[in-house]
Amino acid sequence: MNPSPQIPDWLGVAASVLLVGIAVVASSWARLGLTRDLVWAALRAFVQLLAVGALLTILFDRAGLLGALAWVTGMVVIAGFVAAGRSPELPRRRPTAWVGVGAGVATTLGVLLVLGVIEPTPSVVVPVGGMVVSGSMTATNLTMRRLADIAHQQRPDIEARLALGMTGGEAMTPHLRQGVKTALLPAIDSTKVVGLIALPGAMTGLILAGVEPIVAIRYQIVVMYMLLAAAAVSAIVAAHLTRRALFDDADRLYRVTPPA
Amino acid sequence: MALAEAFSFDDVALVKDGHRILDGVSDHIHKGATTAIIGTSGSGKSTFLRLLNRFEEPTEGKIRLDGRPLDSYDVHALRRRVSLVAQRPTMLTPSVGQEVRVACPTLSDAEVLQLLKRVALPDMALDRATSTLSGGEQQRLALARSLAVGPEVLLLDEPTSALDEHSAAAVDAVIRSLVTEDLTVVLVSHDLDRVVELADKVLVLENGRLVERGGPRDVRYLR
């Protein structure tokens, strides 16, 4: 297959507005009351992607590797806010989420760059970094959420262990494993069924850009392994930091009440 | 002969979320004796007990153990020395043997069986699933688990209140046998008959304040 990208021109994009129209008509017909949300979401997506496209064009042309890494760092900061926002009751949740996401991203991107698996150019580092940040954010978010629930629901179990002289770390060990496992299941499951249920994003993008599928899968394999590693590192780091944040200096478990 | 002091309290108060849960508590708990903390619901009894193993920290005043401030001890060593048994037993492991060993994994089978005998579970198989035990058996197993760490002080927070009459009687019998040992026992209870029978000294709390103290036959609250 020769590279012959079938990328829609602006006229094509304008024609695709028809699809939003179909969604709006269908929702009005079904009286879902979602017309405003649909139109607003479509508008937001257009404006956001336009802005990101313009920014990335400038970034790819001028920023170099340092600029790309700064961009990825910005994504880590935003991802940390999002992950921490799901567990508002946890102490020190934002630093935990930033370090958790950051550790997963730094480890995986670092290995890929040092081993020369990916090119150290912005047009590679930024999209690959985006995928890693997203995977790390999900794992961090799930780990923190699960541990917040455990700290609330399993309080009698944890206090029974503390009352026997165990440290906070020892009292939480069985629950930490459970929390990390829960956080890693989505990454493991999507790795297991990759290519069977849906063609994954990186591979789809390359095929759309005209790359042979047998070549595109090489990239996808790297991406899947990278996402597994990112999720594992982020979940483990976030679990340990959450565990430390849940106890005070006399190893008393903070009272955490999940948001209503 | 006067008994030695285990714990002493000097004007202890605990304020949480703007509420004064304990206020101006000054007294002492004798070594080798059984002290009962009684009072109406919400009087601060359980919080008082949780101060003794540092699950709570006083916001004012000082608590001492053997004359030393409680916060000067290593907190994990303190909790092995001053062991709290909660109101509702929580099983931490799948089997009876694992449960007794949860904080002392090096105990031999003979030591585990000896501990089970102390809590009147002499014929319990070590591989029996903890989930199949009755509430009373679970509470006695929780006691054995606490005794395994070799405490000098046992803190019992309403140990029979979540149990039916038959199970409560079995746990009661074990507590009776434990208080005859060299242990210091601090017991929170709403069962006044049990308090009269078991306690050497009674502290009565009301709205977080210590309003009466004395022998179980002396305090007006029990008359």
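This is a predicted model: local features need pLDDT of at least 70, side-chain atom pairs count only at pLDDT 80 or more; totals for chains, interfaces and linings use all residues.
User: What area is buried between chain B and chain A?

Analyst: Buried area is the accessible area (1.4 Å probe) that two parts lose on being put together, summed over both. For chain B and chain A the figure is about 1500 Å², with 54% of it given by carbon and sulfur atoms.

User: How many salt bridges are there between chain B and chain A?

Analyst: Side chains of opposite charge can pair when their charged atoms come close. A salt bridge is a side-chain nitrogen of Lys or Arg within 4 Å of a carboxyl oxygen of Asp or Glu. Between chain B and chain A there are 2 salt bridges. One of them joins A:Glu159 and B:Arg50, whose closest N and O atoms are 2.9 Å apart. That pair runs from helix H6 of chain A to helix H1 of chain B. Helices (H or I, at least four residues) and strands (E, at least two) are DSSP runs, numbered from the N terminus. A salt bridge also joins the side chains of B:Glu57 and A:Arg252, at 2.7 Å from N to O.

User: Which residues are linked with A:Glu159 and B:Arg50 in a network of salt bridges?

Analyst: The network links A:Glu159 and B:Arg50 with A:Arg155, B:Lys16 and B:Glu56. Buried means under 20% relative accessible area, exposed over 50%, and partly exposed in between (1.4 Å probe, protein chains only). A:Glu159 counts as buried because its relative accessibility is 13%, and B:Arg50 counts as buried at 14%.

User: Which residue within chain A forms a salt bridge with A:Arg252?

Analyst: A:Asp248 does, with the closest N and O atoms 2.8 Å apart. A:Asp248 and A:Arg252 are both buried. Another salt bridge in chain A joins A:Arg161 and A:Asp157, at 2.9 Å between the closest N and O atoms. These two residues lie 4 apart in helix H6 (residues 155-163) of chain A, so about one helical turn separates them. A:Arg161 and A:Asp157 are both buried. Over all chains, the structure holds 24 salt bridges.

User: How many residue pairs are in polar contact between chain B and chain A?

Analyst: A polar contact is a pair of N or O atoms within 3.5 Å; within protein, one must be able to donate a hydrogen and the other to accept it, and residues adjacent in sequence count only if both atoms are side-chain atoms. Between chain B and chain A the count is 7 residue pairs, both residues being at pLDDT 80 or more.

User: Where is B:Glu99 found, and is B:Glu99 buried or exposed?

Analyst: B:Glu99 is found in helix H3 (residues 96-100) of chain B. B:Glu99 counts as buried because its relative accessibility is 0%. Its side chain makes a polar contact of 2.5 Å with the side chain of B:Arg145. Not counting residues up to four places away in sequence, B:Glu99 touches residues including B:Met91, B:Thr130 and B:Leu141.

User: How many helices and strands does chain B have?

Analyst: Chain B has 7 helices and 10 strands. The radius of gyration is taken over C-alpha atoms, and the globule rule is 2.2 Å times the number of residues to the power 0.38. Chain B has a radius of gyration of 17 Å, close to the 17 Å that the rule gives for 223 residues, so chain B is as compact as a globular protein of that length. Of the 223 residues in chain B, 56% are buried.

How values were computed:
Residues are numbered from 1 along each chain as its sequence is written. Chains are lettered from A and ligands numbered from 1 in the order in which they are written. Side-chain values use heavy atoms; hydrogens and water are left out. Contact means heavy atoms within 4.5 Å.
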